[in-house]
Amino acid sequence: MNRIAAALAVSTLLASAGTAQAWSQETHRRIAIDAVNYMKAHPTTTNYAKLEAAATRAGYTVAQMAAMLGQGAYDVDDFQDTYICGATTGSCVTVPAWGILGDLAKYTSFQHFQQRTRGADVHGNDYGGYNYNLLTVWGTVDTLAATWLVGDYLDDGKGGLKGWFGDSTKYNSYGITEANYRLGGYSTNAMYKDFETMPFQPIDNLGQYWYNKFQQSPTFQTLGFVLHTTDVVQPHHTWTTSDLNHSGWETWVNDNYYTLGLNGDALVTAALADFTPVATTTNEIRPLLTQGGGYSYANGGAVLSSTAAADRTVVAKKMVPHSIAMAVHILNHAANRL
């Protein structure tokens with residue numbers, strides 16, 4: 001399929017399918033705020049007192065602090081940190097110039113997966129991130145995106161990878177973003193010379209990078225960035241596909257978040273027990289994120305194949321409380337640094 005045909009096909013498809021980028025940004029905001037609200041309702045079993053004291057010292061109410069955490073979790077989908085360059089032109093952009101894919105093709109979103117259907121990746125991670133070449137489930141959106149981006153490469157700065165007719169680097173995504181999310185693993189720019197085989201780093205590493213930054217200099221914003229890792233409890237992000245009812249499911253969750261009581265107190269309490277809390281002797285949160293990914297992979301696959309409200313309700317009443325619970329565990333640990 002040539003690029004014009006791919007563009008037209010993607011345009012038609014996404015006009016009816018909407019866009020997808022893991023939990024919707026508004027759901028991310030709600031999960032972060034609800035994690036704080038849960039801690040407030042359970043001050044004897046959480047580190048709420050420390051969280052409240054930190055907000056007070058900073059001159060904020062708890063509600064204002066929760067809103068900042070929610071905004072941080074929301075904002076990660078808008079990062080301008082991943083530029084992909086045209087195989088022919090060498091022109092580098094964060095989204096396709098023609099804009100058809102919208103939020104789906106905001107290239108930073110490819111950093112938000114934990115591939116559970118595969119083992120260790122080439123970087124040395126226990127589970128890798130999005131890699132079109134290694135998908136075991138995929139849909140038309142995945143294939144059309146790869147068709148449009150075939151041969152396109154990750155911006156690695158001046159003098160690195162090039163298009164046939166130029167090298168108009170905009171942002172050294174390999175030397176900055178990928179390096180930040182590498183966390184001591186192994187990478188070469190050659191791994192990112194063709195989109196269809198790019199081994200993106202997993203969302204675990206994104207979360208750990210921002211948690212390390214938070215530990216170095218605590219702010220509610222950077223802690224909010226960390227809370228975006230609840231993407232790992234969205235089944236499409238552990239089964240790893242941009243398609244298969246991805247956007248429809250996320251819209252449905254956001255629409256039914258309150259009416260179905262997906263943030264129910266008892267559901268969150270039960271979900272907390274499915275995680276091992278982060279030890280106070282470490283700042284390593286990736287084992288917690290791996291647990292979240294394992295849970296969504298084991299319990300959420302039905303929403304990739306079914307759009308039935310009954311199936312979605314069953315999965316949502318597991319995934320949203322577990323997302324909130326994972327956020328509570330992160331906040332409990334982070335409160336010791338605030």
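D81 is buried (under 20% relative accessible area, with a 1.4 Å probe and protein chains only), yet D81 has no salt bridge. A salt bridge here requires a side-chain nitrogen of Lys or Arg within 4 Å of a carboxyl oxygen of Asp or Glu. The nearest side chain of opposite charge, K106, is 9.9 Å away from D81; Lys and Arg count as positive and Asp and Glu as negative, while His and the chain ends are not counted. This is a predicted model, in which local features need pLDDT of at least 70 and side-chain atom pairs count only at pLDDT 80 or more, whereas totals for chains, interfaces and linings use all residues. Residues are numbered from 1 along each chain as its sequence is written, and side-chain values use heavy atoms, with hydrogens and water left out.

D81 occupies the loop between α4 (62–75) and β1; helices (H or I, at least four residues) and strands (E, at least two) are DSSP runs, numbered from the N terminus. Beyond its neighbours within four places in sequence, D81 is in contact (heavy atoms within 4.5 Å) with T108, Y171, S173, T177 and Y181.

Strand β1 (residues 84–85) is joined to β2 by two bridges, and these strands run antiparallel. Two strands pair if DSSP finds at least two bridges between them. Within β2, V93 is the bridge partner of I84. The open sheet has three strands in the order β2-β1-β3, with antiparallel pairing. Its edge strands, β2 (92–93) and β3 (153–154), each pair on one side only.

Elsewhere, T276 lies in the loop between α11 (265–272) and α12 (286–299). Leaving aside neighbours within four places in sequence, T276 is in contact with L288 and Q291.

How values were computed. Buried < 20%, exposed > 50% of the residue type's maximum accessible area, 1.4 Å probe, protein only.
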